[in-house]
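Please walk through the structure below, with attention to how its parts are packed and how far the coordinates can be read.

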Amino acid sequence: LLMGEARLQGIYQDGYRGSNQIQEFIHKTISADGITTPSFGIYVLILFCYILILVPCCYLLLRKKGYLEWLRPAILVLALLGSGVIFLAGKNTRFSEPFIHYLEVDEYLDAQVVETVYATLQAPYNKTYEVSLDPSYQILPVTDQWVADKERERTEEITVEDGEYRVQFSDSTAFQEESFRLKKKNKAISPVTADIHLFDGETTGTVENQMTERLEDIILMMPEHAVSLGTLEPGESITLDDIPSISYKSVTLEDMNLEDIWGFTDDANQLKSIDQKHRSLIESYLWTSYEKSPCLIGFIKESDGEIQQNSEYVQYGERMVVIYVDVDTTKDGWEYYPSVPMESRIVFGTFYGIRDSMMEGDSGVIAYTLDGEYEIEELTFHMDWDAARDEKKVTEIYFLNPVTGEYTLVYPGKSTFTGEELQDYINMNEIYIKFRSTAENGETSRLPRISMIGRKRNVGNQGAL
């Protein structure tokens with residue numbers, strides 16, 4: 001049965017703007033374990049032994065024996081031997097048949113696991129070939145990178161026969177990347193036991209790995225906070241109380257600045273131990289597929305994933321596990337909000353970004369409308385600043401007194417305010433805030449993230465993110 005033309009054309013779609021993020025994610029799987037080139041030092045050692053040891057020793061030996069006329073043939077033999085050693089050293093970089101790189105992403109949410117396989121197939125020759133895929137997966141589209149004024153012809157053919165998908169690629173050049181996604185859902189329980197609490201920037205609780213595999217480079221992602229858990233063996237648990245929580249500057253999860261997580265914050269050293277490739281994959285996942293809810297992300301290197309049905313091409317891949325978890329944010333009847341539930345309105349100046357989180361120039365005023373259902377216990381301005389990123393710094397914060405019409409300088413001085421202290425500045429659930437920064441014309445500065453401890457008035461608070 002030949003699949004419909006519409007389905008076939010849907011596997012590759014031309015596009016631009018942010019639509020090629022999935023394709024970029026797939027490209028990152030090419031760095032999967034399995035294909036390694038010999039280190040430069042090995043080649044240097046081989047050349048060193050040949051030029052400075054073998055050739056001089058051969059010359060001295062033949063000279064001592066009186067057979068110098070055999071020097072040229074002997075050097076030729078040594079050269080052939082050296083070439084053979086170099087050939088053997090790079091043997092695993094040469095291929096005689098197609099091979100697959102893949103990353104399997106297992107997402108555990110709502111009593112099910114969604115398995116998505118991001119795969120790239122390459123062949124070392126310019127001829128037609130095909131791969132047999134497991135029919136339990138659904139084949140999904142990927143977005144090919146857009147090239148201006150140029151359309152890439154595709155001649156793939158997908159057939160379903162005898163309980164297998166057969167995808168045939170023709171007119172492909174050697175080592176051309178042919179990317180696709182596979183997806184399926186199954187019922188499943190969470191593979192970890194998690195009891196996590198987040199309040200006023202501090203994370204407590206425990207996480208236990210109930211999988212049969214070792215989970216590496218684990219990171220707990222929460223709104224505006226991240227915690228590195230390292231590695232958990234099967235059955236191992238870890239206590240979060242003594243692990244510092246990394247606060248990254250963003251107003252919402254959609255406005256995440258991942259560079260802050262990976263090392264620009266002073267207390268992010270424990271995150272630097274995460275493998276560089278894993279960092280890249282985590283970042284791509286957060287931008288393309290993240291459900292904007294707290295989750296644990298980790299990696300299983302010894303992946304036994306099998307996406308082929310009858311073909312037996314070499315596979316290189318690993319598994320990324322994403323486990324969505326509940327995080328309790330309540331304490332003593334109060335709830336912690338990593339970002340304040342409020343709307344922003346520009347009064348003066350130039351702002352952009354989600355919730356007007358970036359300011360252009362040296363000053364501006366924003367009116368924040370607070371949800372009247374909330375009672376504020378404490379409001380905190382997080383005055384983080386990264387000199388390493390050449391960010392311009394917010395140096396002054398003013399609150400407008402609605403009675404006098406005058407702005408009062410509150411920072412420097414304080415960055416945390418009680419609900420009682422804010423009453424003089426809130427009028428009809430609205431507060432006017434003026435910011436000044438070191439930015440000049442055309443330069444921008446990131447506004448401080450604002451967190452809140454509060455609760456809804458006369459409403460039972462469940463307190464789970």
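Both Phe381 and Phe417 are buried. The model is a predicted one, and in it these two rings form an edge-to-face aromatic pair, with 6.0 Å centre to centre and 90° between the planes. Phe381 belongs to strand β23 (residues 374-382) and Phe417 to strand β26 (residues 416-418), so the pair ties together parts that are 36 residues apart in sequence. Phe417 has a second ring partner, Phe399; this pair is tilted, at 5.1 Å centre to centre and 55° between the planes. Since Phe399 lies in strand β24 (residues 394-400) and Phe417 in strand β26, the contact ties together parts that are 18 residues apart in sequence.

How buried are Phe399 and Phe417? Burial here is set at under 20% relative accessible area. Phe399 has a relative accessible area of 0% and is therefore buried; Phe417, at 6%, is buried too. Ring pairs link Phe381, Phe399, Phe417 and Tyr425 into a cluster. Over the whole structure, a search finds 7 aromatic pairs.

Rings also meet charged groups. Lys434 lies over the face of Tyr398, at 5.5 Å from the ring centre. Elsewhere, the charged end of Lys127 sits over the ring of Tyr125, 4.6 Å from its centre.

Strand β23, which carries Phe381, also has a strand partner: β23 and β29 pair in the antiparallel sense over 8 bridges. Within β29, Arg449 stands opposite His382. β29 pairs with β20 as well, again antiparallel, over 3 bridges, and there Met452 is the bridge partner of Tyr337. Of the 8 residues of β29 (residues 449-456), 6 are buried, so the strand is largely enclosed by the rest of the structure.

The next topic is the nonpolar packing. In soluble globular proteins, nonpolar side chains tend to be buried together. The largest nonpolar core here has 28 residues, of which Ile196, Val207, Leu220, Leu229, Leu240 and Leu296 touch the most other members. Two or more residues of this core come from each of β10 (192-199), β12 (215-222), β13 (225-232), β16 (295-300), β17 (314-324) and β20 (334-337). Apart from this core lies another, of 26 residues, including Ile376, Tyr411, Phe435 and Ile450.

Which residues does Leu240 touch, leaving aside those up to four places away in sequence? Its contacts are Ile196, Thr203, Thr204, Gly205, Thr206, Val207, Leu220 and Leu229.

β10 and strand β11 (residues 202-209) run antiparallel and are joined by 8 bridges. Along that pairing, Thr193 stands opposite Glu208 in β11.

Gln122 is placed in strand β3 (residues 112-122) and, at 9% relative accessibility, counts as buried. Not counting residues up to four places away in sequence, Gln122 touches Pro98, Phe99, His101, Tyr129, Phe175, Gln176 and Glu177.

Some totals put these sites in context. The protein has 7 helices and 29 strands. Of its 465 residues, 46% are buried. Among contacts with a separation of 6 or more, residues 24 or more positions apart account for 72%.

How far can the coordinates be read? The protein averages a pLDDT of 77, and 74% of the residues score at least 70. Confidence is highest in strand β25 (residues 407-411), at 96, and lowest in helix α1 (residues 5-10), at a mean of 34. Over residues 143-155 the pLDDT is below 50, although this stretch has 27 contacts in the model beyond near neighbours in sequence. Residues 262-268 also stay under 50, and for them the model has 20 contacts beyond four places in sequence. Where pLDDT is low, the predicted coordinates should not be read in detail.

Technical notes
Residues are numbered from 1 along each chain as its sequence is written. This is a predicted model: local features need pLDDT of at least 70, side-chain atom pairs count only at pLDDT 80 or more; totals for chains, interfaces and linings use all residues. Side-chain values use heavy atoms; hydrogens and water are left out. A nonpolar core is a set of buried Ala, Val, Leu, Ile, Met, Phe, Trp, Tyr and Cys residues joined through side-chain atoms within 4.5 Å. Buried means under 20% relative accessible area, exposed over 50%, partly exposed in between (1.4 Å probe, protein chains only). Helices (H or I, at least four residues) and strands (E, at least two) are DSSP runs, numbered from the N terminus. Contact means heavy atoms within 4.5 Å. Rings of Phe, Tyr and Trp (its six-membered ring) pair if their centres lie within 6.5 Å; planes under 30 degrees apart count as stacked, over 60 as edge-to-face and the rest as tilted. A charge sits over a ring if NZ of Lys or CZ of Arg is within 6 Å of the ring centre and within 35 degrees of the ring normal. pLDDT is the predictor's confidence in each residue, from 0 to 100. Two strands pair if DSSP finds at least two bridges between them.
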